Amino acid sequence: AAFFGPVARGNPVVDSFEAELRHVLGSLRRLRGAGEAKPPQYDLHRHGANTLFNIWIKYKPRIPEWYYNERLVKVGDALAQIKEYKLALLQCYERYLQQFVSVDLDDAMDDAHRFKSTFFPNGCRDKNAALTFHALQARDVCIYQMVFSSDRNLQNQESLQTCLSVLTSLRLTMQVALPQENLCWLIYNGTIHIYTICRHLMMMGQSAKVLEYLLWASVCMESSIPLLSVHYLTWRATLYTAVSQCYFDCQAGIHGEIFARRGLIKIDELKQLENTCSSLENTETQKIFREATLKMSVMIFKRAVYESRRKLNTRRESKVNPRKAANLSWPRTTTERLLVEMFDGAAVQFLAILEALSDSSRSLLPPHPPVPDEIAIRDVTSELFSAGLEILSGNSLKKQKWCWSLCIYFLKNIFVITAGEKGVSGDAAVKFVKLAFSYEEWNVFYSAFEYVDNFLQAQDDPTWKKAEIELKLLTLMQPVVFPGVFERSFSISDNNSSKEGSTPQGSEKTQTIRKESLKHRGPFHDLMILATTVLSWVSTSEQNVHPDKEILVDVVMCLWQKCKTELQQIQMSGSDCLEYIHRHEAYQWVHILWITSEIMEKNSIADTNVMFAEITLCLAAILENVADS
């Protein structure tokens, strides 16, 4: 009560106002805590919204304006915390902002001059300015969260445009607030909101559209004196990394590297200033500078590892034979030597490898070799995977003389993959296996899969269970996408000749997987195993262990494409449909198609993908032909 001043103490009107607000907020919190709203609860939610509306109307003329406005914004914050974004937007933030403009609020955000004259008629130093800035920023966040909830994949063009409008509005608000040092908290929060929205859009392939906003957020962090301290350096480095990543996504890697080098200069400038101002060495400060420098170095390595090879006119290095890797000293290749020069430690080297291999334009399915198809690029990619597998197995640590303490740790633990801070994180290891699949690095894929699968099976958390299912899904996809590929890549008889201590290329579990892929099967056999297994996974009630929808869409598309030719033959048979199905055993293809439609239905892919309509029409046409036969 002290926050609201003397008027809030013992005033019966204020006490009644506060009691009614607490009651409606409590009701809405309980409804949110109950999970998904069932039909009867929609009425309760609407009742809560109407009650809040009536409270504002009832008490506006009865309490001081400043108090009323503060409660509008504070209640909006409380509603946003429980994800009642629409209610917070309409009933709180926009209600507060309507005191400045009665028409569409967006009309007042065309330019900075009109923006300031509308929302800050008394200047940005006015006592109420901070509350107005907060309401404007919170309004933008609510609008974005509503889009995110309703159209996460931005399939509607209007959703994308709304997100870009929100970014523009956030930038304008920060531009006006930037000269006021006391509003540095708003600048900091604004950079977080911009980063969150931009990362979402980057995942949707919109890096070119968000680059300017990430650059703006970075410049804001550099332009606000209070935000230039070491305390905010980790966040500033994160923004620098996002800008570099954006450049790489836009196929402008040289600008990504230049910006990362610029980031290193800025970090070094702050470090020199810190050393001048303080003679004491702070362990935490050193850690912050080290991590920030690492982020920039990884982005520099992302391009340098490829470009340095392009510039070399020397003879190609031969690829490292995984079976002979145990006899070679680390670093074994040009790529590994660059890793050792730039990064001190296996976990950091592994992070650099992942970043160098990651490409936003590359999808998991279908897998394909590096593009462009340059010999130098292929060599570097193979060397990166070879180095990653060596680190994953722990062998690289045994070969690096400067890592004896870590070596002891890894000798005591079979795998370097961990769920904590030591070694290679489980998330990084899973990503590495997926990348190996994406690049068609089958040797690395199956060897790394064994390490990671053993780790995942020992975990109880649903997150790891989901990762385990997704990796096993890839092993089922491999013989479908590349049937018989290991007939050219592996010699099963070599199993007994593998040396002790080598990478797991010849292990029993891995060879079992490969032997299965070598067995001669009918064209539908692997498809049937894939389809039935995926259906069993998505039929479970544990939604949090289902594979990502993006992977499932790719799997369904693969099944549909494989079945389409056979099913077209069935449809073309017309009145002889039933006879054709029996003669060619085509019912098996119909069965796979039916399973595919079930997968789409159970995972809600059918709600957003036109492919479901194609599959349904195809099934209906076949059934009609059968009925007429």
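User: Is E307 buried or exposed?
Analyst: E307 counts as buried, at 19% relative accessibility. Buried is under 20% relative accessible area, exposed is over 50%, and partly exposed lies in between, with a 1.4 Å probe and protein chains only. This is a predicted model, where local features need pLDDT of at least 70, side-chain atom pairs count only at pLDDT 80 or more, and totals for chains, interfaces and linings use all residues. Residues are numbered from 1 along each chain as its sequence is written, and side-chain values use heavy atoms, leaving out hydrogens and water.
User: Which residue does E307 form a salt bridge with?
Analyst: R303, with the closest N and O atoms 4.0 Å apart. A salt bridge here is a side-chain nitrogen of Lys or Arg within 4 Å of a carboxyl oxygen of Asp or Glu. Both residues lie in helix α12 (residues 283-311), four residues apart, about one turn of the helix. Helices are DSSP runs of H or I, at least four residues, numbered from the N terminus. Salt bridges that share partners join E257, R261, R303 and E307 into one network.
User: What about R261 and E257, how far apart are the closest N and O atoms?
Analyst: 2.9 Å. Both sit in helix α11, four residues apart. R261 is partly exposed at 41%, while E257 is buried at 10%.
User: Changing topic: which side chain meets R262 in a salt bridge?
Analyst: That of E222, at 2.8 Å, N to O. The pair links distant parts of the chain, with R262 in helix α11 (residues 253-277) and E222 in helix α9 (residues 207-223), 40 residues apart.
User: How many salt bridges by this rule?
Analyst: The count comes to 17.

How values were computed:
Helix = DSSP H or I, 4+ residues; strand = E, 2+ residues; numbered from the N terminus.
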